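Please keep the viewer open as you read.

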Amino acid sequence: MDIKSMKNYLYWLFCQFELITCSYLMEPWEKLLFYTFNITMLVMLLYTAYIFVPLHISTAFQFFLRLVGNQHENTVSIVK
């Protein structure tokens, strides 16, 4: 893909974002606060997903393995 067309496409996406959020009507200091808040929320969401989603998938996988009867290899059975 051509670099110039990629640049134009990214600029078009940014213009669409400004139109959808109506941020083109904001003053520069308002835009700064708005974009800072949105980027901070996006980074926090991605970090949380990166940390917790694998843990939840692992827990769900272990739960479903126990439902079908598979036991962990390292479990110790207590015999009386």
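Is C22 buried, partly exposed or exposed? With a relative accessible area of 39%, C22 is partly exposed; here buried means under 20% relative accessible area, exposed means over 50%, and partly exposed lies in between (1.4 Å probe, protein chains only). Before going further, a word on the ground rules: this is a predicted model, in which local features need pLDDT of at least 70, side-chain atom pairs count only at pLDDT 80 or more, and totals for chains, interfaces and linings use all residues. Residues are numbered from 1 along each chain as its sequence is written, and side-chain values use heavy atoms, with hydrogens and water left out.

Now for the overall layout. The chain has two helices and zero strands, where helices (H or I, at least four residues) and strands (E, at least two) are DSSP runs numbered from the N terminus. Helix α1 covers residues 3-21, and α2 covers 28-68. UniProt, in an unreviewed entry, lists residues 32-53 as "transmembrane region"; its positions are given in the numbering used here, feature names are shortened, and annotations may be inferred rather than shown by experiment. In the model that span is 100% helix and 0% strand, and its end C-alpha atoms lie 31 Å apart.

Let's return to C22, which sits in the loop between α1 and α2. This residue has a positive phi of about 60° although it is not a glycine. As background, most residues other than glycine have a negative phi. Another cysteine, C15, is partly exposed at 23% relative accessibility. The count of disulfides comes to zero, taking a disulfide as a pair of cysteine sulfur atoms within 2.5 Å.

S23 is also in the loop between α1 and α2. At 0% relative accessibility, S23 counts as buried. What surrounds S23, leaving aside its neighbours within four places in sequence? The residues in contact with S23 are E18, K31, F34 and Y35, contact meaning heavy atoms within 4.5 Å.

Follow that list to E18, found in helix α1. E18 is buried, with a relative accessible area of 12%. With the neighbours within four places in sequence again set aside, E18 is in contact with S23, Y24, K31 and Y35. With K31, E18 forms a salt bridge whose closest N and O atoms are 3.2 Å apart; a salt bridge is a side-chain nitrogen of Lys or Arg within 4 Å of a carboxyl oxygen of Asp or Glu. This pair links distant parts of the chain, K31 in helix α2 and E18 in helix α1, 13 residues apart. K31 is partly exposed at 21% relative accessibility. A search of the whole structure finds one salt bridge.

Of the 80 residues of the chain, 2% count as buried. The chain exposes about 7,800 Å², with carbon and sulfur atoms supplying 71% of it; accessible areas come from the Shrake-Rupley method with a 1.4 Å probe, and for residues only the protein chains shown count as cover. Which residues make the nonpolar surface patch of about 490 Å²? They are M6, Y9, L10, W12 and L13. Patches are made of residues with over 30% relative accessible area and no salt bridge, like charges being joined within 9 Å and nonpolar side chains (Val, Leu, Ile, Met, Phe, Trp, Tyr) within 5 Å. M6, in helix α1, is partly exposed with a relative accessible area of 35%.
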